[in-house]
There are 2 protein chains.
Amino acid sequence: MRTLWTVVAVFGLALLAEAEVKTRAVEYRDGDVVLEGWLAWDDAATGPRPGVLVVHEWWGHNDYARKRAEQVAAEGYVAFALDMYGKGVLATTAEEAGKLAMPLYKDRAGMRRRAKAGLDVLAKAPGVDATRLASIGYCFGGSVSLELARDGADLKGVVSFHGGLKAGGPTARGAVKARVLVLHGAADPHVSAEELAAFEAEMNAAGADWSLVKYSGAVHAFTNPAAGSDPSKGVAYDERADRRSWQAMRLWLEEAFE
Amino acid sequence: MRTLWTVVAVFGLALLAEAEVKTRAVEYRDGDVVLEGWLAWDDAATGPRPGVLVVHEWWGHNDYARKRAEQVAAEGYVAFALDMYGKGVLATTAEEAGKLAMPLYKDRAGMRRRAKAGLDVLAKAPGVDATRLASIGYCFGGSVSLELARDGADLKGVVSFHGGLKAGGPTARGAVKARVLVLHGAADPHVSAEELAAFEAEMNAAGADWSLVKYSGAVHAFTNPAAGSDPSKGVAYDERADRRSWQAMRLWLEEAFE
């Protein structure tokens with residue numbers, strides 16, 4: 001296998017050099033609200049590819065979400081970083097972010113509708129195989145992705161990175177069609193042991209196919225370098241957990257899209 | 001990446017066709033006790049490779065453990081399926097298995113010594129890079145692998161498949177050198193939520209680098225087809241969890257041996 005991986009590395013570099021991730025902003029609507037997302041795809045790819053929705057943190061549709069969409073595109077998928085708040089709406093403080101996210105946490109039907117508006121854009125994007133879709137998300141975006149799964153969205157997979165796991169209500173048996181992967185910082189003070197247990201019970205009651213990964217020492221927002229480097233604050237970047245969780249996501253999507 | 005993986009697949013098949021896993025029984029001792037393990041390696045590999053210890057279930061050193069060692073060898077490592085009980089000692093009923101495993105669970109020093117006798121064989125085996133060793137194990141063997149980690153064995157990685165997580169006592173801060181991965185059936189009735197929580201607390205107190213993966217619906221022995229197909233018995237094979245946990249192990253070892 002070592003020899004194999006050397007071969008892979010050499011050929012991989014050659015191919016990646018050919019690949020080029022292209023992007024463009026996409027304006028769309030949820031009712032009267034104008035939203036702006038970010039489409040990313042590998043220009044060297046041909047034929048229909050799976051589509052991956054990327055849901056931003058509570059800050060809103062920012063450069064971090066766009067960068068993640070571009071990374072997903074580099075994996076060979078078409079990615080769409082949606083917008084849950086409205087074109088140009090971005091929080092700069094936690095207080096502002098809370099004011100933007102909270103109404104959607106409280107109105108799960110509205111959260112689902114807003115997310116599905118983004119999913120529709122992805123499903124219709126050029127090069128997307130609409131029968132093979134997934135949703136990934138960060139913090140708030142993890143919660144949104146889970147909400148799509150609970151809603152029975154036609155997704156092959158859902159991945160939550162350090163997302164909140166609270167349900168708005170019970171999830172019906174058979175409702176969840178997506179394979180659900182939760183990537184969780186074991187030291188995340190924003191998701192309690194009770195919340196984890198309730199989530200497992202909810203998913204089991206729904207008969208969902210789920211998996212949960214805990215990363216030691218990792219706290220909230222562990223994938224985002226902008227979260228700083230002090231875990232004692234409960235929010236911090238963790239390079240190790242970032243790398244491991246990305247690999248776990250890759251495997252999950254690979255299986256989901258088989 | 002799709003194109004890349006096609007290239008990988010084509011070259012991979014060509015290389016795998018060359019690879020051939022060789023095996024041989026190895027007799028060794030722990031004090032007066034004669035043990036017999038099973039060494040497996042890829043004959044096409046050249047130069048020192050990482051070594052992986054494979055620790056059997058409570059049944060003893062059986063064909064299942066040997067098969068796993070061969071699978072590990074096919075990944076490009078030298079594998080040694082050790083023997084914790086004695087040459088030819090195999091349980092055929094759960095009662096017998098309990099009588100073999102229990103004395104070692106109760107005598108953790110003895111468990112560590114017996115496991116290290118196997119680790120020594122691996123470290124000295126032809127083609128092994130003794131600076132890059134890991135231990136994986138199944139059920140009882142997962143517990144044994146964790147015990148090696150607690151003992152501060154010079155291992156890069158430890159992986160437990162549906163293993164018991166109970167410690168014999170507190171683990172000292174800094175003792176655990178190995179990255180510890182626990183692959184756990186979320187519905188395993190033999191490992192309680194309290195045991196999981198105690199394990200996390202123990203590993204955190206030790207300052208260990210650990211990760212834990214839960215697989216929905218999977219119960220005890222989920223990797224072993226001989227465990228049957230009825231999860232209501234608390235012991236059953238789960239093809240999905242088997243496949244996913246093997247992939248998780250591969251990534252873990254890949255990182256550990258970097």
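**Note on the predicted two-chain model**

1. The largest nonpolar core contains 60 residues, and those with the most contacts inside it are A:Ile136, A:Val159, B:Ile136 and B:Val159. A nonpolar core is here a set of buried Ala, Val, Leu, Ile, Met, Phe, Trp, Tyr and Cys residues joined through side-chain atoms within 4.5 Å. Buried stands for under 20% relative accessible area, exposed for over 50%, and partly exposed for values in between (1.4 Å probe, protein chains only). In soluble globular proteins, nonpolar side chains tend to be buried together.

2. On the basis of the note: this is a predicted model, in which local features need pLDDT of at least 70 and side-chain atom pairs count only at pLDDT 80 or more, whereas totals for chains, interfaces and linings use all residues. Residues are numbered from 1 along each chain as its sequence is written, chains are lettered from A and ligands numbered from 1 in the order in which they are written, and side-chain values use heavy atoms, with hydrogens and water left out.

3. Neighbours within four places in sequence aside, A:Ile136 is in contact (heavy atoms within 4.5 Å) with A:Val52, A:Leu53, A:Val54, A:Val55, A:Val72, A:Ser145, A:Val159, A:Phe161 and A:Met249.

4. Helix H5 of chain A spans residues 140-150, and because eleven of its eleven residues are buried, the helix is largely enclosed by the rest of the structure. Helices (H or I, at least four residues) and strands (E, at least two) are DSSP runs, numbered from the N terminus. The buried residues of H5(A) include A:Ser145, and among them are also A:Glu147 and A:Arg150. Just after H5(A), A:Gly152 takes a positive phi of about 80°.

5. In chain B, B:Ser145 is found in helix H5 (residues 140-150). Is B:Ser145 buried or exposed? With a relative accessible area of 0%, B:Ser145 is buried. Apart from neighbours within four places in sequence, B:Ser145 is in contact with B:Val55, B:Ser135, B:Ile136, B:Gly137, B:Val158 and B:Val159.

6. A:Cys139 lies in the loop between strand S5 (128-138) and H5 of chain A. Although A:Cys139 is not a glycine, its phi is positive, at about 50°. Most residues other than glycine have a negative phi, and most peptide bonds are trans. A:Cys139 is buried at a relative accessible area of 7%, and B:Cys139 is buried at 8%. Over all chains the count of disulfides comes to zero, a disulfide being a pair of cysteine sulfur atoms within 2.5 Å.

7. Helix H7 (residues 239-256) of chain A packs with helix H7 (residues 239-256) of chain B at an angle of about 145°, with the axes 11 Å apart. Axes are lines fitted to C-alpha atoms, for helices over the stretch in contact, and angles run from 0 to 180 degrees between N-to-C directions. The contact is made by A:Arg243, A:Arg244, A:Gln247, A:Leu251, A:Trp252 and A:Glu255 of H7(A) and by B:Arg243, B:Arg244, B:Gln247, B:Leu251, B:Trp252 and B:Glu255 of H7(B). By class, the contact of H7(A) with H7(B) has four nonpolar, two polar and six charged residues; Ala, Val, Leu, Ile, Met, Phe, Trp, Tyr, Cys and Pro count as nonpolar, Asp, Glu, Lys and Arg as charged, and the others, Gly among them, as polar.

8. A:Phe257 lies in the segment after H7 of chain A and is buried, with a relative accessible area of 3%. Residues up to four places away in sequence not counted, A:Phe257 touches A:Pro50, A:Gly51, A:Val52, A:Tyr77, A:Arg132, A:Leu133, A:Ala134 and A:Lys156.

9. Two alanines in the loop between S8 and H7 of chain B may be read together. B:Ala221 lies in that loop, between strand S8 (210-215) and H7, and counts as buried at 5% relative accessibility. Phi of B:Ala221 is near 65°, a positive value in a residue other than glycine. B:Ala236 is found in the loop between S8 and H7 of chain B and is buried, with a relative accessible area of 2%. Among the residues that B:Ala236 touches, not counting those up to four places away in sequence, are B:His220, B:Ala221 and B:Phe222.

10. B:Ala175 lies in the loop between strand S6 (157-161) and strand S7 (179-185) of chain B. Setting aside residues up to four places away in sequence, B:Ala175 touches B:Ala149, B:Arg150, B:Gly152 and B:Ala206.
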